[in-house]
Protein chains: 2
Amino acid sequence: MRSYEPDETDWAILRELQADARLSYNEIGRRIPLSAPSVAERVRRLEAHGIITGYSADVDPARVGQEVTAYIHLRCDSGRCLLKTADPDEYPEIVEIHKLAGRHCTLLRVRVASMAHFEGLSERIGTHGPIETTMVMSTPFARGEVRPTPPPRPVTTGDRWWNAGEASEQG
Amino acid sequence: MRSYEPDETDWAILRELQADARLSYNEIGRRIPLSAPSVAERVRRLEAHGIITGYSADVDPARVGQEVTAYIHLRCDSGRCLLKTADPDEYPEIVEIHKLAGRHCTLLRVRVASMAHFEGLSERIGTHGPIETTMVMSTPFARGEVRPTPPPRPVTTGDRWWNAGEASEQG
DNA sequence: AATGAAAGGTCGGCAAC
DNA sequence: GTTGCCGACCTTTCATT
């Protein structure tokens, strides 16, 4: 059970603030519409519940010389786990680390200035274990915005094995 | 050649605005330190050069019921390319699309409420071509922040084949 | 390019309904 | 949740260095 469920008004505020975090409560209220004190109260509530975690300026990495983005799947050798043996400052090129289920232990998102730079980076990361590189050429679509959770569509099964036995998988 | 190269003062401003996009020019100037009009002028310049692309509130997807994140590598069948045959509104769960070099054509980042929901989604996406799923368990590290480009470290070669022939690879 | 001062506008918080 | 008010702060302009 979730601690707080945003209602439609909250989502309207979240939409505005995700589109432009510098809007005043007044201006947000004007657009909803809602009075400024109410906007302020709701925003504080959303912050207090950890739904809004912060406000940030969006900087285009390509415009500051970081043109190459890649993902690196990493299967750490035992005792050489990147998370346990490396410091974030050693790898400023790493912008995200995900822990994975499955064959690989870690997925890294990295950003570098050039292929030459990437070559050096992948060599350094490779000291932790075997890697698999996914090179991004372009990112035609990225929604920064979090929207209301869409209703899950049912599995379109046709699966002949579905429920043929006793068990069914429902959490 | 880049159109505009942020100097140290610009980077200080970028740091502050990435950490809190709602700071006033006054407050930023107080921290740098720099006068408010100068801050305002630099911010406008950074916006005009496309270095600052916007300001957004950060919303925690997990707190609004979107707890599952995954990456899906997709190799589109010809004529069924996701980018060309699907609409963003059909797939609200897709939050990023990357075009790739290599074996797969596309990398999708998706966010859903549950495994059951993910099951249905991957089935729908699978209609476009073969997929490979990377399931994220947790994300222990993510720097939203863009920092000054670190100097590339030279490849630490030991490679016995390096420059053994005539050509060298430099762009 | 940065500073400082001045002016006008706007904002955010509080209290009352 | 709304309205109204007040003090404070902010942004902008301009002259100066």
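Good morning. By class, the protein surface near DNA strand D comprises four nonpolar, four polar and four charged residues. Here, near means that a heavy atom of the residue lies within 4 Å of the strand. As for the classes, Ala, Val, Leu, Ile, Met, Phe, Trp, Tyr, Cys and Pro count as nonpolar, Asp, Glu, Lys and Arg as charged, and the others, Gly among them, as polar.

This is a predicted model, in which local features need pLDDT of at least 70 and side-chain atom pairs count only at pLDDT 80 or more, while totals for chains, interfaces and linings use all residues. Residues are numbered from 1 along each chain as its sequence is written, chains are lettered from A and ligands numbered from 1 in the order in which they are written, and side-chain values use heavy atoms, with hydrogens and water left out.

Among the residues around DNA strand D are R42(A), N26(B) and R44(B). An N or O atom in the side chain of R42(A) is 2.4 Å from a phosphate oxygen of DNA strand D. For N26(B), a polar side-chain atom lies 3.2 Å from a phosphate oxygen of DNA strand D.

Of the atoms of DNA strand C within 4 Å of the protein, 81% belong to sugar or phosphate. In the side chain of R42(B), an N or O atom is 2.3 Å from a phosphate oxygen of DNA strand C. S35(B), by contrast, places a backbone N or O atom 2.9 Å from a phosphate oxygen of DNA strand C. Thank you.

Technical notes: A polar contact is a pair of N or O atoms within 3.5 Å; within protein, one must be able to donate a hydrogen and the other to accept it, and residues adjacent in sequence count only if both atoms are side-chain atoms.
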